[in-house]
Amino acid sequence: MRIAGRNHLYVPGPTNTPDRILRAMVVAQEDHRSPRFPELTLSVLADLKKVFKTTEGTIVTFPASGTGMWEAALTNTLSPGDKVLCSRFGQFSHLWADMAQRLGFEVQVIDTDWGTGVPYDKYEEVLRADKEHKIKAVLACQNETATGVTSDIGKVRKAMDNAGHPALLMVDTVSSLVSIDFRMEEWGVDCAVSGSQKGFMLPAGMGILGMSSKAIKAMEGATSRRCYFDIGDMLRNNATGYFPYTPSIPMLYGMREALDTIFEEGLENIFARHEYLANGVRAAIHEGWKLNLCAKAPEWYSNTVSAILVPEGFDAAKVISNAYARYNLSLGAGLSKVAGKVFRIGHVGDLNLLSLMSAIAGAEMSMLDNGINVTPGSGVAAASTWWRTHTQQVK
Ligand SMILES: *Cc1c(COP(=O)(O)O)cnc(C)c1O
């Protein structure tokens, strides 16, 4: 039977695409080697620099998802056997570490509790001890989407500077860029990995990678095998507004419209909105439902996704499947170690207070259907109270 009405999409990516962006993507195909094509390419690449907050860096895009940009960052700047330092505290930080291993790098992984983030002090300690500078890259996941944990990339930079260590700093910003502040240049980030389907509000399919001039320089000596994701090929073509192979034309038009949408609201206002929305959701979880986040302390709370622990003895996967079947609500699953223990509400992208109310109401109804003892209406009431007694800062 047809399910009427729109699906309520609250997974932390892909996120809801505004109608104006959907419309902008409905275009006839065109010659990507035409004389007028570079205008589109060059404007998109120039404006992406503003989003990454870099003036000296270079942005490249590939027809890929975020995972592809993990690989591009590693293989374009490192050589087989190079040492990489990373930390693991959720499924995404795990997968990037795993990829680095599979690509043939020597990976030192610091495991920390799921629910916490980058261990800044441990990083400093390890980097200080690496007197010969064998570590060539330091990896950090700004927003661990599996657990709803945000790390402070400024503190990672500080740990590296305190240790006087010259390694490249590579940051995963896939679920944070355009929703949580990211400052590529100020924080000295060398490779900033991102994708189109979260903060950018687009479908998946465009991998976006910011490269500092230091990272571009590192490409010269990097002997890892690379072909499709070779940034050298990309840059030679991008210089005149073209690509080494066929780009996705609807994605480029979609990105153009997404950037216009982003600048109309203002990046800083978007960050403030995400914080404001997230605070209401956290009020629903803590004050309303009396439940806990997977994130262990406020310093780790993510403004783009909340991973909610269900009480002992209940299966979070059933809350999610019932929400989908009965209320046409898509909640984020618990991944790997936290499967069955958490469900996630994504609060990233094109959302406002009342759209999020549907996620809170639906999650609450589904928990009640599953016998979880939350007070009916308590989540909505707590979020409503928080939002009505606070205002979003407008810049
Ligand atoms: C979504 C996500 C990715 C990449 O996933 P893709 O499906 O390849 O786009 C990587 N890191 C984080 C933190 C993510 O949230």
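Student: How many salt bridges are counted between domain 1 and domain 2?

Tutor: The count between domain 1 and domain 2 is one. A salt bridge here is a side-chain nitrogen of Lys or Arg within 4 Å of a carboxyl oxygen of Asp or Glu. Before the details, a word on the source. This is a predicted model, in which local features need pLDDT of at least 70 and side-chain atom pairs count only at pLDDT 80 or more, while totals for chains, interfaces and linings use all residues. Residues are numbered from 1 along each chain as its sequence is written, and side-chain values use heavy atoms, with hydrogens and water left out.

Start with the two parts. Domain 1 covers 8–14 + 266–388 and domain 2 covers 20–264; these bounds come from an automatic or database domain assignment. Their centres, taken over C-alpha atoms, are 28 Å apart. At the interface, 28 residues of domain 1 are in contact with 33 residues of domain 2 (contact: heavy atoms within 4.5 Å). About 2,400 Å² is buried between them, 64% of it from carbon and sulfur atoms. Buried area is the accessible area (1.4 Å probe) that two parts lose on being put together, summed over both. Leu267, Phe271 and Trp300 give 26% of what domain 1 buries against domain 2, more than any other three residues.

Now the polar side. Eleven residue pairs are in polar contact across the interface, both residues at pLDDT 80 or more. The rule asks for a pair of N or O atoms within 3.5 Å, where one must be able to donate a hydrogen and the other to accept it; residues adjacent in sequence count only if both atoms are side-chain atoms. On the domain 1 side, helix H10 (267–288) and strand S12 (305–309) are the elements that give two or more residues. Helices (H or I, at least four residues) and strands (E, at least two) are DSSP runs, numbered from the N terminus. H10 brings the largest share, five residues. By class, that side has 14 nonpolar, eight polar and six charged residues. Nonpolar means Ala, Val, Leu, Ile, Met, Phe, Trp, Tyr, Cys and Pro; charged means Asp, Glu, Lys and Arg; the others, Gly among them, are polar.

Next, the charged pairs. Side chains of opposite charge can pair when their charged atoms come close. Glu268 bridges to Lys53, with the closest N and O atoms 2.8 Å apart. Lys53 also meets Asp181, N to O at 2.7 Å. Lys53 sits in the loop between helix H2 (37–52) and strand S2 (58–62), and Asp181 in the loop between strand S8 (168–172) and strand S9 (191–195), so this pair ties together parts that are 128 residues apart in sequence. From Asp181 the chain of pairs goes on to Arg183, again at 2.7 Å. Arg183 then pairs with Glu186 at 3.3 Å. Together, Lys53, Asp181, Arg183, Glu186 and Glu268 are linked in a network of salt bridges.

How open are its members? Lys53 is partly exposed, at 25% relative accessible area. Asp181 is buried at 17%. Arg183 is partly exposed at 29%, and Glu186 is exposed at 57%. The cut-offs are under 20% for buried, over 50% for exposed and partly exposed in between (1.4 Å probe, protein chains only). For scale, the whole structure has 20 salt bridges.
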